Amino acid sequence: MVSVKGKRMGSLSVLRMLFLVVFIGWVLIWIMLPTTTYKQKWAPDLKSKLTSTYFGSQGTNLLLFTFPIMFIAALGCVYLHLEKRSQSVRTSRRLGFWKKPVVVLAPMGIVTAMELAFAAMFIALLIWSLANYLHVSFGHLHMHRKGEKVWQAKLRSISLRLGYIGNISWAFLFFPVTRGSSILPLVGLTSESSIKYHIWLGHLSMVLFSAHTVGFIVYWAITHQMAQMLEWSKTWVSNVAGEIAIVFALAIWVTSLPRVRRKMFEVFLYTHHLYILYIFFYVLHVGVGYFCMIIPGIFLFVIDRYLRLLQSRQHAKLDSARLLPCGTAELNFSKTPGLIYNPTSILFINVPSVSKLQWHPFTITSNCDMEADKLSIIVKSDGSWSQKLYKELSSSLDRLEVSVEGPYGPSSSHFLSTDLRHDLLVMVSGGSGIAPFISIIREILFRSTKQKTRVPAILLICAFRNSADLTMLELLLPISVNPTEISHDVQLQIEAYITREKGHPNIDYNAQNSTRTVWFNPDPLDSPIFASIGPNSWLWLGAIISSSFVMFLFLLGIVTRYYIYPIDHNTDEIYQFSYRCLWDIFLVCVCIFTVASIGFLWQKKENMKKIQNLQMGSSTASPKPVDRELESFPKQCLLQATNVHYGARPDLKKILFECKASDVGVLVCGPKKMRHEIARICSSGLANNLHFEVISFNW
């Protein structure tokens with residue numbers, strides 16, 4: 001057994017080294033791309049060797065820019081499968097410094113040393129590329145119009161190169177929003193934690209593309225070529241397509257600004273779906289050569305988005321809802337025992353009776369080991385959508401139609417891992433920010449039942465507006481689990497702060513009508529939540545990625561060799577420039593939709609067999625309300641561990657500095673001000689035992 005595990009760990013090490021070599025090579029290509037060496041020496045040699053009758057002039061970029069990332073994405077699925085089986089966690093104390101917050105600013109949020117280093121390297125790449133592009137261009141300045149002045153030609157050159165730099169940002173733009181990505185887990189990220197990178201790249205690319213657009217408009221105006229704005233060239237770049245793309249991009253950009261997004265979330269949500277048209281016209285504008293540079297991110301995003309669409313077509317089986325007096329609802333779904341997820345994972349849900357288009361993410365609070373056939377989330381009535389949902393649940397409903405996407409989350413509970421286990425885990429929450437910590441506490445409760453397993457002590461600091469919100473603490477301990485199964489060795493201390501009440505209200509929360517459970521009669525066609533392709537089936541995802549990409553290359557080769565080449569003969573001067581782009585877009589979509597549909601339906605068939613067996617085993621059982629005596633047990637445990645402070649806010653600096661344990665992990669989920677305060681305290685250097693865990697719970 002040891003030797004098998006050793007071989008598996010050796011294989012993981014070899015794959016990690018292979019990924020690193022391929023990625024470094026890919027980055028080096030980007031570094032060399034704007035240089036004179038690449039343009040005058042490498043490019044001609046590569047073009048002569050890689051331009052074929054099957055791929056034409058895009059063969060070079062397919063090999064240099066597309067293949068390396070698709071290779072890592074496909075083989076990365078194999079790596080993640082092996083890592084999951086070996087139950088290894090790739091963390092190290094040596095990375096502790098790099099994970100510490102070093103910048104805490106409102107526009108950027110909390111930025112760690114590692115993030116700052118990579119951001120600096122990325123900006124350096126952009127500056128390097130722009131400087132080299134301009135150096136090469138200014139050295140051989142081309143006058144595009146008779147009588148054109150040198151400064152006018154330089155303005156055009158600068159505007160064009162700003163577009164090239166924006167394309168580099170686009171090469172990375174879609175990786176952070178690919179929820180079922182195999183790329184992000186390889187570097188220890190999740191889509192939730194890396195969404196800020198998408199925001200940064202989005203702002204950066206829009207600044208560059210806006211400057212690119214304005215520069216060309218000014219150039220055309222001063223050289224009396226405004227008619228160029230209406231040009232759709234047959235053999236070169238389409239200006240009209242670029243203008244249409246920037247219009248869609250500006251609409252997405254403006255509505256995604258924080259002030260607009262907070263006040264008009266639905267406008268932001270619906271406008272963001274214009275990305276489909278943005279991508280379409282962007283590709284028509286830049287052509288197949290530059291499209292090949294950014295294909296990996298778009299290709300993997302489309303696979304993920306289509307798989308999520310297929311999953312969302314199935315209605316989930318909602319068994320019950322627990323309604324708390326504070327306006328919070330716990331939704332309890334059926335799930336297949338094979339569905340595995342880690343603490344802080346999230347589930348996207350859509351309730352058509354509330355909104356047919358809106359999808360909202362919520363943290364999963366249940367533990368897949370303690371509750372093998374149940375998945376729970378909690379929804380706090382903070383916005384209009386959640387308030388409508390709470391009213392729906394409070395009415396006399398026999399069934400609520402719900403669709404889901406996910407779960408998505410970290411590949412491991414790294415803050416509970418063997419080599420990074422803390423002596424004390426401090427969790428600071430504000431309002432509904434307690435949700436992720438419920439899942440962590442339940443994971444700790446489960447691990448405490450295992451023999452020879454050491455778990456950290458827990459200090460939960462939660463701030464609520466009203467005392468009614470204290471009922472959310474009832475969700476910390478799962479009712480469905482037998483109280484005798486909960487280990488009493490777990491050291492749990494809860495410090496609850498009620499900020500808007502100065503004294504204990506005269507309210508009996510133990511009354512029969514304080515918390516009530518609503519049971520539903522699901523439709524026979526409603527399905528338990530089953531493992532989606534991705535974290536629960538990496539090999540399936542790897543097969544879809546590799547098969548669809550190979551199919552794309554095969555069909556592209558056939559179309560180019562037997563349809564385009566006989567017309568154009570690789571001159572790029574006869575066949576319509578935009579038609580090549582349309583062929584690439586069409587083939588990408590056809591290959592992904594075909595392969596992903598087959599893979600999803602095959603896996604769904606296997607899951608349906610498991611679901612039928614599960615339903616046959618539980619067909620005689622009917623849901624019954626939980627015994628009140630059993631339900632009161634968690635409350636008794638929590639009352640003993642809870643101290644309530646009225647009319648006060650937690651003195652976070654004092655609390656954290658008074659933690660004397662040698663290794664204290666600090667997690668925070670709540671308002672921005674709270675998150676930033678905790679980050680500043682942990683990064684101040686005044687307490688060396690505090691380790692701030694950069695886990696984003698906020699979208």
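1. Helix H11 is largely enclosed by the rest of the structure, because 20 of its 25 residues are buried. Buried means under 20% relative accessible area, exposed means over 50%, and partly exposed lies in between (1.4 Å probe, protein chains only). Helices (H or I, at least four residues) and strands (E, at least two) are DSSP runs, numbered from the N terminus.

2. A word on the basis. This is a predicted model: local features need pLDDT of at least 70, side-chain atom pairs count only at pLDDT 80 or more, and totals for chains, interfaces and linings use all residues. Residues are numbered from 1 along each chain as its sequence is written, and side-chain values use heavy atoms, with hydrogens and water left out.

3. H11 spans residues 288-312 and is kinked. The kink is about 60° and sits at Ile-294, shortly before the proline Pro-296. The bend at a residue is the angle between two fitted axes, one for the seven residues ending there and one for the seven starting there.

4. How many salt bridges does the structure hold? The total is 15. A salt bridge here is a side-chain nitrogen of Lys or Arg within 4 Å of a carboxyl oxygen of Asp or Glu. One of them pairs Glu-405 with Arg-305, at 4.0 Å from N to O. This pair links distant parts of the chain. Glu-405 is in strand E8 (residues 403-408), Arg-305 is in helix H11, and 100 residues separate them. Glu-405 is buried, at 3% relative accessibility. Arg-305 is partly exposed, at 26%.

5. That pair belongs to a network. Arg-179, Asp-304, Arg-305, Arg-308 and Glu-405 are linked by salt bridges.

6. Glu-330 and Arg-442 form another salt bridge, at 3.9 Å from N to O. Glu-330 lies in strand E4 (residues 328-334) and Arg-442 in helix H13 (residues 435-448), so the pair ties together parts that are 112 residues apart in sequence. Are these two side chains buried or exposed? Glu-330 is buried, at 3% relative accessibility. Arg-442 is also buried, at 1%.

7. Arg-399 and Glu-401 also form a salt bridge, with the closest N and O atoms 3.9 Å apart. Arg-399 is partly exposed, at 27% relative accessibility. Glu-401 is partly exposed too, with a relative accessible area of 30%.

8. Now the surface. Arg-259, Arg-262, Lys-263 and Lys-672 gather in a patch of positive charge. Patches are made of residues with over 30% relative accessible area and no salt bridge; like charges are joined within 9 Å, and nonpolar side chains (Val, Leu, Ile, Met, Phe, Trp, Tyr) within 5 Å. Lys and Arg count as positive, Asp and Glu as negative, and His and the chain ends are not counted. Which helix gives the most to the positive patch? Helix H8 (residues 258-263) does, with three residues. Lys-263 is in H8 and is exposed, at 69% relative accessibility.

9. There is also a nonpolar surface patch of about 560 Å². It is made by Met-17, Leu-20, Val-21, Phe-23, Ile-24 and Leu-28. Accessible areas come from the Shrake-Rupley method with a 1.4 Å probe. Leu-20 is in helix H1 (residues 2-32). Leu-20 is partly exposed, at 45% relative accessible area.

10. Val-455 lies in the loop between H13 and strand E10 (457-464). Val-455 is partly exposed, at 22% relative accessibility. Val-455 and Leu-445 are 10 residues apart in sequence, and their C-alpha atoms are 8.6 Å apart in space.

11. Some backbone geometry to inspect. Most residues other than glycine have a negative phi, and most peptide bonds are trans. Gly-406 and Pro-407 are joined by a cis peptide bond, with omega about 5°. Pro-407 is in strand E8, the strand that also holds Glu-405.

12. Where does Asn-570 lie? It is in the loop between helix H14 (538-568) and helix H15 (577-617). Asn-570 has a positive phi of about 60°, although it is not a glycine. Its relative accessible area is 28%, which is partly exposed. Asp-572 is in the loop between H14 and H15 as well. Phi of Asp-572 is positive, near 55°. Asp-572 is partly exposed, at 31% relative accessibility.

Definitions and conventions:
Charge placed at Lys NZ, Arg CZ, Asp CG, Glu CD.
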